[in-house]
Amino acid sequence: ALPPATNFIREIINDDLRAGRHGNRVVTRFPPEPNGYPHLGHAKSICLNFGIAEDYADVADTRCHLRFDDTNPETESEEYVNAIKEAVQWLGYDWDAHCYHAADYFEQFYDFAVQLVEQGDAYVDSQTEEEIREHRGTVNEPGTPSPYRDRSVEENLDLLQRMREGEFDDGEHVLRAKIDMASPHMIMRDPLLLRIKHAHHYRRGDDWCLYPMYDFAHPLEDAIEDITHSLCTLEFDNNRRVYDWLLERCLPEEEHESRPHQYEFSRLNVGYTVMSKRKLLQLVERGDVAGWDDPRLPTLAGLRRRGVPPAAIRAFCDDVGVTRTESRVQISRFEHAIRDTLNTTAPRVMAVVDPLKVVLTNYSADDTTWMDLPSWPHDIDNEGSRRVPFSRTLYIERDDFREDPPEDFYRLSPGTAVRLRNSYVITCERVVRNDDGTVKELHCTYDPTTKGNVDPVDGPTPKGVIHWVDAQAGIPFEARLYDRLFTVPAPDGGDEDFKTHLNPDSLQVHEGVVEPSILDNPDTQRYQFERVGYFWQDPEDSTRDALVFNQIVPLRDRWAD
Ligand code: ATP
Ligand code: MG
Ligand code: MG
């Protein structure tokens, strides 16, 4: 049985399989340009394309190619190629032997160009770029044919060959499709196919100077690789006309039936961030962030470093789905997917990110008790516990104490009691101050009869429960807390430069303290710091001697929309 048609693309694939349109093949591709690090939007395309190959493997001959669309020499690099490969693998997908480069097809593109010229379907235009633009006309007004439009096949072939051999400067000539200068679709008014560019290419070096335009390269790449379903984002809707025209002209009649087809879906946009390699590059180059893998960025390298599990990204892409409706997805939806994944995979520990010292004046000075505390709450079906020290001096979260508490404040304040999670009830007896009047530490008493979750014998049961860390055995760490990167939901939606909306407080660093049990686990373990959020050690900066924890996501929504 065919997999369920969970979106319109899978409906098309199911129809094609039933009709036998591409034999029994389903071949997709993920075609990034290596001009930046991939982002969450690319994850949508990766999950879509590789997901189809995975899900149809039982019923069809499936493949998903990783294809580098590396046809712009100035902006591309090997570093970006590697970043893209790492991201695809990190998400859990595998291209097997099918990794390709458009730059390896330049000779084949040239052969197709010759074929088009010979068929009378393309010509060498020697107008300037500006003239070409001017003569294209407007939506209401047909274009003016180039004076070179009717060059003979021989002259075109001669010029084309000399273009390839490097005889001309950039912009002296271009190859154009000969379609229709009066077409109501601007894109069909003799689109450019090849242009001369004397530039160094990271893969080709300086051996080639005839670069294909997107509209020429993309359908041919798909045809060369026998792609069946070519999935791209909606802004290429119009380009489909050229795509279809070229494949009909370039492929032999008997291959038309099974040729690749392009289908468009809507881009993923997420609130409070930007999702364009070009814009992300600006942030990296200006130093607004610490690099492509800055945990505040929506790059897959940034999300990975932040600690987001790849399974959460796949679940999010699944949840967002594939449609033709443009929209901006709320960031809370992404965070929900992250919490959902981590809830059952991240063991609980206690850490205090903004410590306030508590001295238990009636607790013996040199007595440390080790408590065996569960690593999972009751509603999660995981086993496990860890040993947690408790002694006379502890840290609690500064926020969990208020000198002048509002009425509904159930945590600690002068004269009131609170439960320390999984241990004793304590009462705040005295506030000790620094010289400047700020709170230095709290002197409290503990009630020895309340260990575990036993209610106090006399006095009321406190409503509040707060987390804590033993001050002697606790381990200091740097806590990196991330807020939204921009202050508005659509930073690139208005007239202003998107960078004017950068949030100056998107990174907050605290000196925290965490229970020592974390040293028993691998450094890559993700945790829930109880009552705070999900954390893991920063893979670049954290060492056993100087721990750095990134907040992956807080426990609760902070996003207005
Ligand atoms: P950017 O503007 O970030 O450079 P792009 O579309 O130019 O994006 P490509 O490297 O050409 O980036 O994209 C590779 C594939 O990923 C394409 O098929 C593209 O449609 C898809 N893709 C890129 N951004 C998104 C997005 N935000 N949502 C869904 N798919 C995307
Ligand atoms: Mg692109
Ligand atoms: Mg781009």
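Trainee: Which residues in helix 11 are buried?

Mentor: First, a caution: this is a predicted model, where local features need pLDDT of at least 70, side-chain atom pairs count only at pLDDT 80 or more, and totals for chains, interfaces and linings use all residues. Residues are numbered from 1 along each chain as its sequence is written, while chains are lettered from A and ligands numbered from 1 in the order in which they are written. Now the idea: a residue is buried if 20 or more other C-beta atoms lie within 10 Å of its own, exposed if 12 or fewer, and partly exposed in between, with C-beta atoms placed from the backbone. Helices (H or I, at least four residues) and strands (E, at least two) are DSSP runs, numbered from the N terminus. In helix 11, residues 310-320, the buried ones are Ala 312, Ile 313, Arg 314, Phe 316 and Cys 317.

Trainee: What covers the buried residues of helix 11?

Mentor: The cover includes helix 2, helix 10 (300-306) and helix 12 (331-343). Just past the end of helix 11, look for Gly 321, which has a positive phi of about 75 degrees.

Trainee: And Asp 58, is that buried or exposed?

Mentor: Asp 58 counts as exposed because it has 10 C-beta neighbours inside 10 Å. You'll find Asp 58 in the loop between helix 2 and strand 2 (61-68).

Trainee: Which residues are closest to ligand 1?

Mentor: Here, a residue is near a molecule if its C-beta atom, placed from the backbone, lies within 6 Å of it. Ligand 1 has 16 residues around it, the closest being Pro 32, Gly 41, Ser 45, Thr 233 and Lys 277. Helix 2 (40-55), strand 8 (229-233) and helix 9 (277-286) are the elements giving two or more residues to that shell. Helix 2 has the largest share, 4 residues.

Trainee: Which domains does the chain have?

Mentor: Domain bounds come from an automatic or database domain assignment. Here that gives domain 1 (8-265), domain 2 (270-347 + 477-554) and domain 3 (351-474). The shell around ligand 1 takes at least three residues from each of domain 1 and domain 2.

Trainee: How many residues of domain 1 are in contact with domain 2?

Mentor: Contact means that the C-beta atoms of two residues, placed from the backbone, lie within 7 Å. By that rule, 20 residues of domain 1 are in contact with 21 of domain 2. Helix 2 gives the most to the domain 1 side, with 6 residues.
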